[in-house]
Amino acid sequence: MAEKFDEALEKAQRARRGAPKDLQVLQELGLIYAQMNRLEEARSVFEEYLNLKQNVNVSILLANVLRRMGRIDEGRALIEKARHQEPDHGGVLITLGDFLVEAGRLGEALLLYQRAKEVDPYRASETANQRIVELRTQ
C-alpha cells in the first residue's frame, strides 16, 4: 500500500511542478499527504489552495487535518467560516459536529448530523447516519 501512495505522491508532485497553481493538483496532493499522515505537508498544500481560491470542500479537508494535528481551535474556526459561506453544506455540518463531539457536546453534534441529512441528503446522509449511530452507542 505504501508503494501505491509513493507512486501517487510522485505523480502529484510532478504535476505540481508543471502546474504549480492548478487547484485540482493541489487538492489531490493535499489528499495524498493527508492519507500518508504527512499532516504538515497536507496543511501547507490545502492552505496554498485556499489562498488561491476559497472552496468549502477544501476548507473541510484542512479543518480535518488541523484537528488531527491537535490544532482544534484553528480547525473549528475554519469550519465555522465555511459554515457562514455555505450554511446548508452537509460536509460542513458533519465536520462541525465532529468538532463538537471532541468537545463533549454530543447533543449539539447530534443536531448538526441530523440537520446535515435534512438539508443535504445526497452528500451527507450516509456519513451523518454513521455518526448518529456512533453517538447513540456511546
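This is a predicted model: local features need pLDDT of at least 70, side-chain atom pairs count only at pLDDT 80 or more; totals for chains, interfaces and linings use all residues.
Contact here means heavy atoms within 4.5 Å.

**Helix 2 and its surroundings**

Helix 2 covers residues 23–35, a run of 13 residues. Its first and last C-alpha atoms lie 18 Å apart, close to the 18 Å expected at 1.5 Å a residue. Buried positions in this helix are Val25, Leu26, Leu29, Gly30, Ile32, Tyr33 and Ala34.

| Packing partner of helix 2 | Residues |
|---|---|
| Helix 1 | 2–18 |
| Helix 3 | 39–52 |
| Helix 4 | 56–68 |

Both ends of helix 2 have local features. At its start, a side-chain oxygen of Asp22 comes to within 2.9 Å of the backbone nitrogen of Gln24. Just after the helix, Asn37 adopts a positive phi of about 65°, and this residue is not a glycine. Asn37 sits in the loop between helix 2 and helix 3.

**Helix 7 against helix 8**

Helix 7 (residues 106–119) packs on helix 8 (residues 121–136) at an angle of about 155°, and their axes are 7 Å apart. Because angles over 145 degrees count as roughly antiparallel, helix 7 is roughly antiparallel to helix 8. The crossing of these two helices is left-handed.

Key:
Residues are numbered from 1 along each chain as its sequence is written. Side-chain values use heavy atoms; hydrogens and water are left out. Helices (H or I, at least four residues) and strands (E, at least two) are DSSP runs, numbered from the N terminus. The expected span of a helix is 1.5 Å times one less than its number of residues. Buried means under 20% relative accessible area, exposed over 50%, partly exposed in between (1.4 Å probe, protein chains only). A polar contact is a pair of N or O atoms within 3.5 Å; within protein, one must be able to donate a hydrogen and the other to accept it, and residues adjacent in sequence count only if both atoms are side-chain atoms. Axes are lines fitted to C-alpha atoms, for helices over the stretch in contact, and angles run from 0 to 180 degrees between N-to-C directions. Angles under 35 degrees count as roughly parallel, over 145 as roughly antiparallel, 65 to 115 as roughly perpendicular and the rest as oblique. A crossing is left-handed if the near helix is turned anticlockwise from the far one by less than a right angle, and right-handed if clockwise.
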